[in-house]
Amino acid sequence: MMSQMPQQTALSRCPSCEEPLESGDRFCGACGYDLSAVPRRPDDNPTIAMNGSVPPPPDGAGGAPWPVVPEPGGAAPSARPPAHPPTDLPGTGPGGNALPPMPAQPPHPGAPQPPLTGPQGASQPPFTGSPVSPAAGVRFDRAPEPDEYPLQAPDPRVTAGAPTPAEGTQVCVACRAGRVDSDGYCENCGHAQPRERDHMEQDAGPVAAVSDRGLRHHRNEDAFGLGCAALPDGSSAVLAIVCDGVSSATRPDDASLAASRAASETLLTALPLGTHPQQAMHDAIVAASRAVNSLADEPATAREHAPHQNAPACTLVGAVVTSGLLVVGWVGDSRAYWVPVDRGAPPARLTEDDSWAAQMVAAGLMNEAEAYADERAHAITGWLGADAYELEPHTASFKPDRPGVVVVCTDGLWNYAEAAEEMAEILPLDAAVRPLHSARVLVGHALDGGGHDNVTVAVLPFPAPPQGAGSA
């Protein structure tokens with residue numbers, strides 16, 4: 001377990017970003033925080049990341065036809081992972097094996113969650129491995145932070161008589177008078193300016209995503225990647241990758257960005273070659289893991305100067321939709337949801353969290369109400385990073401029998417709409433044709449709920465539209 005550093009006095013560290021301060025500082029040199037009024041530090045409610053993972057189920061058999069490029073020399077293509085009928089969106093795990101049933105979410109007992117089952121509706125046996133010790137590899141995912149990070153009012157003694165910057169010069173968003181230097185700070189009042197990643201939006205035709213810093217964090221540690229690819233048979237595939245940096249790790253924002261880029265690039269390369277989407281998703285998660293692991297490679301001198309640092313880490317969830325197949329993959333507690341266009345049909349959660357609560361329920365050590373009421377409920381037991389004991393990419397394939405929308409998101413959103421029925425309720429009815437608008441609505445729902453975490457969401461329609469078709 002990591003030892004926690006003793007808290008220093010309010011005048012020795014910035015109450016906003018914990019940067020060490022020099023005597024007489026009026027503003028934080030790292031984030032520009034106004035030190036003239038130090039707010040009270042709120043109580044911490046951390047998320048704990050623990051090492052450990054659920055062992056994979058036994059290998060299964062079966063296959064699904066998929067347009068492929070023949071192997072060199074005319075050899076037959078290798079067997080592909082199976083896909084399942086659309087009855088109730090049954091999913092498969094690594095190797096084509098069925099996922100265990102989804103536990104009901106106790107915070108919302110009035111909204112039943114349809115389970116994911118194996119072929120012919122056969123439920124899988126519960127996890128029977130050893131329970132996870134709460135003391136093994138504990139890592140606090142959220143450091144103590146102020147309730148929000150508003151821009152402080154400028155000091156009138158500093159702004160009085162400040163010259164107006166020339167036209168075209170970037171002006172400080174706080175004092176509206178000072179010029180912003182190359183490091184992102186106002187030369188007049190010293191305030192740090194909003195970062196580029198504080199709010200990001202991308203519309204890639206049929207798929208769109210929005211990411212926001214939220215109202216509690218001082219930076220956005222989420223990232224996403226989107227793309228469209230042409231398959232060998234001429235049809236199209238649409239993909240989205242969403243990553244959530246582990247806040248207690250070093251450089252979580254770099255970890256999520258590296259993972260999202262590596263995974264999306266791997267998918268965009270593999271799918272046009274005829275690789276089955278489920279296999280491509282597995283390979284993409286492996287590539288993302290390697291990209292995050294490489295961030296831990298740093299000179300020995302860096303460790304000497306910062307021995308308290310740990311390896312960068314993040315979670316990942318992704319989806320690929322084609323004209324008839326839906327594939328999801330994940331590691332950690334970011335999620336994917338299925339919402340039919342016909343809201344009379346039931347929605348479903350397509351992923352199972354790598355979390356302490358899910359593992360306790362699967363092991364039969366607690367019921368859902370007990371597990372999710374525990375303060376360790378959201379401790380993640382799987383992530384991407386050099387300090388993860390073992391990488392276990394989860395993948396599942398589905399064949400929905402009707403049009404719908406796939407919502408891929410971090411816990412910054414699903415903490416405010418945990419059950420599939422709640423997610424369907426807040427998703428706009430026209431999400432399939434207006435994915436960017438829908439992603440904005442979902443992010444707004446999280447911010448209206450308190451914005452306690454970074455929030456990122458991608459919206460993909462199913463089936464994937466023909467090539468050249470985009471959102472309305």
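Start with the largest nonpolar core, which has 29 residues; select Ala-259, Leu-267, Leu-271, Leu-316 and Leu-384, the ones with the most contacts inside it. A nonpolar core here is a set of buried Ala, Val, Leu, Ile, Met, Phe, Trp, Tyr and Cys residues joined through side-chain atoms within 4.5 Å. Buried means under 20% relative accessible area, exposed over 50%, and partly exposed in between (1.4 Å probe, protein chains only).

Now colour the elements that give two or more residues to this core: β6 (236-245), α2 (252-270), α3 (277-294), β7 (313-321) and β8 (326-331). Helices (H or I, at least four residues) and strands (E, at least two) are DSSP runs, numbered from the N terminus. Apart from this core lies another one, of 25 residues, so pick out Val-238, Val-328, Ala-396 and Phe-398, which are among them.

A word on what you're looking at: this is a predicted model, where local features need pLDDT of at least 70 and side-chain atom pairs count only at pLDDT 80 or more, while totals for chains, interfaces and linings use all residues. Residues are numbered from 1 along each chain as its sequence is written, and side-chain values use heavy atoms, with hydrogens and water left out.

Next, centre on Leu-316. Contact means heavy atoms within 4.5 Å. Leaving aside neighbours within four places in sequence, the contacts of Leu-316 include Ile-241, Val-242, Cys-243, Ala-259, Trp-330 and Leu-384.

From there, hop to Cys-243, in strand β6. Again skipping neighbours within four places in sequence, Cys-243 touches, among others, Glu-221, Asp-222, Ser-256, Cys-314, Leu-316 and Thr-410. Draw a C-alpha to C-alpha line from Cys-243 to Thr-410: they are 167 residues apart in sequence and 7.2 Å apart in space.

Last stop: select His-394, in strand β12 (residues 394-398). His-394 is buried, with a relative accessible area of 14%. Show the side chain of Asp-354 as well: the side chain of His-394 makes a polar contact with it, at 2.9 Å. A polar contact is a pair of N or O atoms within 3.5 Å; within protein, one must be able to donate a hydrogen and the other to accept it, and residues adjacent in sequence count only if both atoms are side-chain atoms.
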